[in-house]
Amino acid sequence: MAKIQQIWQRWIPGLLEKTVKRGETVESGAEVTKAALEFAIALGVLGGVPSAPVVAAGLSFVSIGRKGLGLLHEKTSQEFNVEEWVAIAFPFAYIQSFDALVQRNDWLQQKIGAGISGQGVRQQFEQLGELQLNESLADEVLKDFPVSTLGQALNNQLSNYLQNAGIEHHIASIITGWVAWSTFQDVESLLLYEPESVRQALSFKISAAREIRLNEKYASIEFYLKEQISPNPSNPLLLERWKVIDEEFLFPHIYVSLEAHLLDSSGKLQKEVDLVNLENWAKEHLTSPDKNNQVMFIQAGPGRGKSVFCRMFANWVREHLHPIWTPILIRLRDIDTFEANIENTLRAAVRENFASSNHWLSDRNIRYFFILDGFDELRFEGRTSKGIESFLKQIGSYQVGCKHRFLITGRESALQGMEHFIPTNLERVEIALMSDRLQEQWLSNWGKVVGQDKSEAFGKFLIANTCPSRVQELAREPLLLYLLGAMHRDNKLDIEMFKDSSGAQAKILIYQTTLNWVLTKQRPKDLNTTITEFDTEDLRLILMEAGLCITQSGREWTSIKTIESRLQGDKAIEKMLSEAQQRLGENPLRNALAAFYLRPAKASEKAEGAVEFIHKSFGEFLCAQRLIKSFEKWIRVDPESRREAFWITDKQLSEEIYDLLSYGGLTTEIVDYLIALIDANKQIRLDRLFKRLEEFYLDWNQGKFINESPKNLPLAQMQKLQKQGLLLGLREVDIFTGLNVMILLLKLHRYAQTQDELKDNIVFYPCGKKDSDNFDRQRLLRIIGYSTSVTVSTFSETVGHFLSGANFSDANLFGANLSGAHLFGANLFGTNLSGANLSGTNLSGTDLSGANLSGANLSGANLSGTNFSGTNLSGANLSGAHLEPANLSGANLSGANLSGAHLLNITWDEHTNWDNVRLLDKARNVSESLLSQLNSTAHPSPPKDTPPSA
């Protein structure tokens, strides 16, 4: 048995002196960090020898260890001594492991880059040299170094060293755990240079250690990072997620770091604050101890770069911060169920060995950084759990006092109607449109993959006077910039096609041209037909059906089996599928779907095969096209009929409406595409479409379809969806179908009001027009109440965004939940909204004159420019509401809560009732004239904790 220090003193000094004399202190790429060199000297491994720093600066620690072992074999004629081999190999391998970690970890370099000074450092490590090794202890080291006596001793010394550098104990524990685990890799490097006799003597023990190492949680994490986070996975199928549509290059080749607007707690832009670099903002938040309790939320519309940022930033964390932070990237649409315990939800989402334990998140040696991409996708998944509000609250609560961190991305609409559920520890930013500078950076990257001449030509195209302004605006979005660049490269971009196009129409033209481009890219039409057995138009129909299936699923993929089932009703397609299968001897639909920009989903998701859009926008666009196809069929009349009889009967129409619209809810993007497609297709008779949809709406509201027997459409559709894996209940199917039809009616109404020839013929009253036969002032209230059987906020979340400009005059909405709805410009004249929940609602510019809002919750609502003339606001909660400017002439504000309300430039008169208004002293921007008037009355504001008098 010998002390480690004695072994070092016997062999290391001679090694160092010999190395210096031979001039062997230069090794390519072997420059060590100051921290690792200092740690080695402090350990005593390189101590007491003046030339030690010189040698270590020019050689890696593995090289020093290798030379030390060589000297051991050279100077001794004794038989192989395992204790001496371990005493030299493992400390050097351990220091090398630490050095490699420091070199790749930016945070660690900043913390200990300057090193540590002081007499006490060297003395703290002297106890390691006193450690005695015998054959048994050496065997322990060889078999499982991290838990061995030597491994624990080295961990303790490194932990002390790190804490002296100002690193917290729990982070030092993370570092030592990873350093000890990766030491074995460097030991194996040393073993490669050993004689055969030594390798044989150690082979059994080393093999056992290798097996233990491969089964470690660290190995599982490293495998996950390599395959799921790195852009260089060993599995070529996993590389697909890094590919840009059908290109040879990857996202990192053209990626530029975007900019973002800082948002306040209510989601509004922080005024007079400069844009921030998105990656720098995320880095600062992740590494700042002051932000440990904060959840990062990045919002943006489709195609603005959220998902690509998530992938790029996760890889940056892997390269520069791991293992201080270990990135975990989760696409929220891939989560099957949401548990009451968020740790169980995360474990199910990760699906890796390191997450299989119930205690994986409490492991003191690992700290995770969860990147949750696609929060808006949870609007679909939330109906099978406690809802997206619950999930967001879970994350906010879990983050407080938790060592892990969370970053979430989603569309802005994901948080609409959730103002009161948003955690207070949510820090929000919104991705900004690309500036000229960022666009130039992108063009520079583009030139590296397509050629500088083509990149320069595209850049000139974008700034040319002939380039339509709509195209220039869309080129500020990363996805559309790439699509435009690719089409320009391939000579598929025609300026004339954008003439007189609106923004939405221009985007549709880009998507349509992209579809044509991809279907025929490097693939002549006849060859395309040979491969897929379908012509281009057939493929378009299949694509539309795939877009509908994917949109209905709430995810970005769907099974080929589901698409096949939807195509079964199309006899022409069915015939082609059958004939193609006979010729090809395999599934022709799978062949067809593999021929364009759909990519295969993970094999583990669907055994029968699945397809996935490269971007959600394509699915929404194709879904809109599929709906337009049905609209054209619904308005077609039978030319042989004496009367104007529709080709599709009312019964068939109802069945098709349930088939198409019985899922979650139409997104704003799909509806915008629909309106743009309608605007571009003047052949669609909107008056006919509106009439048929309105008749369905009225029948649905009366419960005609859900009460129908023997053929119950909601029941039949529920069973159909469940076969496709969409577990919707009977109520959900019926409710979402009716709400989606209502959305279409609202949008057709708004569009018609901009068209002189339509505005008198297409007018939608949710409760019917007053004094008409179908007027029912409680109709909308019943719809809202019916919707609450799914969740209390289903109506507001599904339809709320589409209510602007709607006509609710004289409707009874007593106690209705319209939280977060967009009601700006709506006609609410004479509407009863007493006790209604209007928190966070946008009512700017709305006519509420004569309306009853007594006891209504208007906290945080946008009421700027609203007309409250003669409105009853008694007892209403106006805390935090924005009233600047608003007309309060003749309004009744008795007992209203004005805490935090913004009252700049409001107008009132002698008929305005301010009796017993509450917490006016807490309101903002209260004018001196109002304060003077109220102070002169006999009704001062009561103290904060005193309830208003009856």
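**Exercise 1. Decide whether Val741 is buried or exposed, and list its contacts away from its sequence neighbours.**

Step 1. Val741 has 0% relative accessibility and therefore counts as buried (buried is under 20% relative accessible area, exposed over 50%, partly exposed in between, with a 1.4 Å probe and protein chains only). The model is predicted: local features need pLDDT of at least 70, side-chain atom pairs count only at pLDDT 80 or more, and totals for chains, interfaces and linings use all residues. Residues are numbered from 1 along each chain as its sequence is written, and side-chain values use heavy atoms, with hydrogens and water left out.

Step 2. Val741 lies in helix H35 (helices are DSSP runs of H or I with at least four residues, numbered from the N terminus).

Step 3. With neighbours within four places in sequence left aside, Val741 is in contact with Ile657, Leu661, Leu693, Phe696 and Tyr697 (contact means heavy atoms within 4.5 Å). Ile657 is 84 residues from Val741 in sequence, and their C-alpha atoms are 8.2 Å apart.

**Exercise 2. Name the buried residues of helix H36 and the helices that they pack against.**

Step 1. In H36 (residues 779–787), the buried residues are Arg779, Leu780, Leu781, Ile783, Ile784 and Ser787.

Step 2. These buried residues pack against helix H33 (686–701), helix H35 (730–752) and H37.

**Exercise 3. Describe how H15 and H16 cross.**

Step 1. The axes of H15 (residues 278–287) and H16 (residues 306–320) come within 11 Å and cross at roughly 50 degrees (axes are lines fitted to C-alpha atoms over the stretch in contact, and angles run from 0 to 180 degrees between N-to-C directions).

Step 2. H15 is therefore oblique to H16 (under 35 degrees is roughly parallel, over 145 roughly antiparallel, 65 to 115 roughly perpendicular, and the rest oblique).

Step 3. H15 contributes Leu278, Glu279, Ala282, Lys283 and Leu286 to the contact, and H16 contributes Phe309, Met312, Phe313, Trp316 and Val317.

Conventions
Helix = DSSP H or I, 4+ residues; strand = E, 2+ residues; numbered from the N terminus.
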